[in-house]
Amino acid sequence: QVHLAESGGGLVQPGGSLRLSCGSSGFTLDHYNIAWFRQAPGKEREGVACIRSLVSSTWYSDSVKGRFTISRDNAKNTVYLQMNNLKPEDTAIYHCATAPEGCGGKFGSWGQGTQVTVSS
């Protein structure tokens, strides 16, 4: 099982930006499709972005397209989620996860998450 750890969450005002990081010790993330999903209280889990293994092509949900960017730094074995123009509805716990069935498929393993709160 791939062990993942997220960081970079926090409190930000509407219109602000945050960059989340997803790292792993012992696993080379470039070998995996890596997704970000979020979970807000009372709402269903929502996949927001995904980057495919090796080719690094990307997928975004309609709710974040144009505002969020997923990327890899293979030298640091890290996947990032750059979030710009944040909105209150982006408030959630954000998790990175493997996507063994491909972007848009089920999630495999995921970390404990990092809280993102967008509020004035």
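This is a guided tour of a predicted protein model, from the whole chain down to single residues.

**Before you start**

Because the model is predicted, local features are reported only where pLDDT is at least 70 and side-chain atom pairs only at pLDDT 80 or more, while totals for chains, interfaces and linings use all residues. Residues are numbered from 1 along each chain as its sequence is written, and side-chain values use heavy atoms, with hydrogens and water left out.

**Stop 1: the whole chain**

Now switch to the C-alpha trace, which spans about 40 × 25 × 25 Å along its principal axes. Of the 120 residues, 43% are buried, where buried means under 20% relative accessible area, exposed over 50%, and partly exposed in between (1.4 Å probe, protein chains only). If you display the surface, its accessible area comes to about 6200 Å², of which 47% belongs to carbon and sulfur atoms; such areas come from the Shrake-Rupley method with a 1.4 Å probe, and for residues only the protein chains shown count as cover. Among contacts (heavy atoms within 4.5 Å) between residues at least 6 apart in sequence, 53% join residues at least 24 apart.

**Stop 2**

Strands of a sheet pair through backbone hydrogen bonds, either parallel or antiparallel. In this tour two strands pair if DSSP finds at least two bridges between them.

Select β1, β3, β8 and β7, which in that order form an open sheet with antiparallel pairing. Its edge strands are β1 (5–7) and β7 (68–73), each of which pairs on one side only. Neighbouring strands of this sheet are turned by 20° against each other on average, direction ignored; the axes are lines fitted to C-alpha atoms, for helices over the stretch in contact, and angles run from 0 to 180 degrees between N-to-C directions.

Zoom in on β1 and β3 (residues 18–23), which pair in the antiparallel sense over 3 bridges. Here Ala-5 stands opposite Gly-23, and Ser-7 has Ser-21 as its bridge partner. On moving to β3 and β8 (residues 78–83), you will find 6 bridges joining these antiparallel strands, with Leu-18 partnered by Met-83.

**Stop 3**

A polar atom of its side chain lies 2.8 Å from the backbone oxygen of Lys-76. Leaving aside residues up to four places away in sequence, Thr-78 touches Ser-21, Cys-22, Leu-29, Ser-71, Arg-72 and Asp-73.

Next, select Asn-77, in the loop between β7 and β8, which has a positive phi of about 50° although it is not a glycine. Asn-77 counts as buried at 19% relative accessibility. Then go to Asn-85, in the loop between β8 and β9 (92–98), where phi is again positive, near 50°, in a residue other than glycine. Asn-85 counts as partly exposed, at 42% relative accessibility.

**Stop 4: the sheet of six strands**

Now select the open sheet of 6 strands in the order β2-β10-β9-β4-β5-β6, in which the pairing is mixed. Its edge strands, β2 (10–12) and β6 (58–60), each pair on one side only, and neighbouring strands are turned by 25° against each other on average, direction ignored. Within this sheet, β4 (residues 34–39) and β5 (residues 46–51) pair in the antiparallel sense over 5 bridges, and Trp-36 stands opposite Ala-49 in β5.

**Stop 5: Thr-114**

Finish at Thr-114 in strand β10 (residues 114–118), which is buried with a relative accessible area of 10%. Its side chain reaches the backbone nitrogen of Gly-9 at 3.0 Å. Not counting residues up to four places away in sequence, the residues that Thr-114 touches include Glu-6, Ser-7, Leu-20 and Tyr-94.

Note on methods:
Helix = DSSP H or I, 4+ residues; strand = E, 2+ residues; numbered from the N terminus. Polar contact = N/O pair within 3.5 Å; in protein donor to acceptor, adjacent residues only side chain to side chain.
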